[in-house]
Amino acid sequence: MAATTAAPPRPSFLSRIAESRGLLSFGFMLPTVALLLVFLTYPLGLGVWLGFTDARIGRPGVFIGLENYEYLWDDSVFWLSVFNTLLYTVSASILKFALGLWLALLLNENLPFKSFFRAVVLLPWVVPTVLSAIAFWWIYDSQFSIISWALKQMGLIDHNINFLGDPQNARASVIAANVWRGIPFVAITLLAGLQTIPQSLYEAATLDGAGRWQLFRYVTLPLLTPIIAITMTFSVLFTFTDFQLIYVLTRGGPVNATHLMATLSFQRGISGGQLGEGAAIAVAMIPFLLGAILFSYFGLQRRRWQQGGGD
């Protein structure tokens with residue numbers, strides 16, 4: 001007799017959906033996607049639309065095409081804010097990277113109380129930006145600055161330094177404040193990357209006669225490059241869009257010397273009531289931000305190459 005076996009029952013449509021990993025992943029991502037659509041995509045789309053209108057506070061405005069951008073093209077204050085933003089971002093990012101990498105390499109050594117120092121390094125980053133800005137505002141005070149007092153006591157100067165009243169001094173002062181706040185983020189992130197590098201690579205290179213510079217140049221730096229790319233991308237984004245620090249310290253002064261694109265957008269759009277013009281300035285920041293994201297993308301491509309993947 002031929003043995004016959006009954007075919008297993010076909011799973012129902014609902015059971016197949018419940019067992020589908022793709023649909024389950026989509027279900028977990030759905031709340032995040034909804035939040036991004038509400039709090040990111042909609043404001044971005046609204047800002048782009050307002051940039052093409054003459055909207056003001058209390059009045060919706062009408063479509064005017066590229067008039068806001070044509071006006072900004074001939075606006076010297078706007079181009080000064082672009083220059084200030086690029087100078088602020090490039091200078092602060094280079095200093096944060098150099099000092100953050102040095103600090104990360106130092107904290108990666110076998111130092112006494114290493115955990116304590118790592119916690120202390122984070123303090124400038126966790127302190128609210130406004131409180132940091134108020135502290136620097138007192139440090140830079142034209143009459144009671146502790147820096148001016150210390151330099152006068154050492155005989156290096158004979159009068160107080162006008163940190164926030166002189167255009168060049170104001171630019172340097174806000175860059176220094178941003179560097180102080182940003183170094184912990186760069187240092188701790190790069191420190192985490194340093195701890196993922198296998199010690200066996202250093203031991204093998206040392207046996208081959210490599211010195212400290214060769215170890216850094218041929219072992220540490222290549223393996224740390226993807227982390228550097230991602231870290232500096234976030235650092236550039238945070239610096240380029242900085243608002244609170246500048247607004248509390250100088251509000252863009254003196255004579256617009258520290259106006260960034262973010263602060264100028266706020267001044268024109270909110271304080272001045274010209275929502276369309278302020279939105280156009282904010283939209284003009286997008287190409288620069290996309291450039292920073294592409295920088296991170298190429299860093300990730302380098303990591304794929306290091307792991308044996310294709311170009």
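Predicted model: local features only at pLDDT ≥ 70, side-chain atom pairs only at ≥ 80, totals over all residues.
In helix H7 (residues 129-139), the buried residues are Thr129, Ser132, Ala133 and Phe136. Looking down the axis of H7, you find these buried residues within an arc of 100 degrees, so they line one face of the helix.

### The overall picture

Stepping back, the protein has 15 helices and zero strands. Of its 311 residues, 34% are buried. Take the contacts with a separation of 6 or more, and 68% of them join residues 24 or more positions apart.

### Two partners for H11

Two packed helices are described by the angle between their axes and the distance between the axes.

| Helix pair | Angle between axes | Distance between axes | Handedness of crossing |
|---|---|---|---|
| H4 (residues 76-107) and H11 (residues 212-240) | about 140 degrees | 10 Å | right-handed |
| H10 (residues 199-207) and H11 | roughly 160 degrees | within 10 Å | right-handed |

Let's take H4 and H11, which pack at an angle of about 140 degrees. That angle makes H4 oblique to H11. On the H4 side, the contact is made by Thr85, Leu86, Tyr88, Thr89, Ala92, Ser93, Lys96, Phe97, Leu101 and Leu105. H11 answers with Phe216, Thr220, Leu224, Ile228, Met232, Ser235, Val236, Thr239 and Phe240. Sorted by class, the contact of H4 with H11 has twelve nonpolar, six polar and one charged residues.

Now for H10 and H11, whose axes cross at roughly 160 degrees. These two helices are therefore roughly antiparallel to each other. H10 brings Leu201, Tyr202, Ala205 and Thr206 to the contact, while H11 brings Leu215, Val219, Thr220 and Leu223. By class, the contact of H10 with H11 has six nonpolar, two polar and no charged residues. Thr220 of H11 turns up in the contact with H10 and also in the contact with H4.

### Two buried residues up close

Phe216 belongs to helix H11 and is one of the residues that H11 puts into its contact with H4. Is Phe216 buried or exposed? Phe216 is buried, with a relative accessible area of 19%, and the cut-off for buried is under 20%. If you set aside residues up to four places away in sequence, Phe216 touches Leu101, Leu105, Leu221 and Pro222. Leu101 and Leu105 are also among the H4 residues in the contact with H11. Phe216 and Leu105 are 111 residues apart along the chain, yet their C-alpha atoms are separated by 9.8 Å.

Ser81 is found in helix H4. Ser81 is buried, with a relative accessible area of 0%. Which residues does Ser81 contact, leaving aside its neighbours within four places in sequence? They are His259, Leu260, Met261 and Leu264.

### The loop between H12 and H13

The loop between H12 and helix H13 (261-271) is where you'll find Pro254. Have a look at its backbone: the peptide bond from Gly253 to Pro254 is cis, with omega near -5 degrees.

Arg251 lies in the loop between H12 and H13 too. Its phi is near 55 degrees, a positive value in a residue other than glycine. At 51% relative accessibility, Arg251 counts as exposed, the cut-off for exposed being over 50%.

Val255 is also placed in the loop between H12 and H13. Although Val255 is not a glycine, it has a positive phi of about 45 degrees.

Note on methods. Residues numbered from 1 in each chain as written. Heavy atoms only, no water. Axes fitted to C-alpha atoms, helices over the stretch in contact; angles between N-to-C directions. Helix = DSSP H or I, 4+ residues; strand = E, 2+ residues; numbered from the N terminus. Parallel < 35°, antiparallel > 145°, perpendicular 65-115°, else oblique. Left-handed = near helix turned anticlockwise from the far one by under 90°. Contact = heavy atoms within 4.5 Å. Nonpolar A, V, L, I, M, F, W, Y, C, P; charged D, E, K, R; others polar. Buried < 20%, exposed > 50% of the residue type's maximum accessible area, 1.4 Å probe, protein only. Arc of directions from axis to C-beta.
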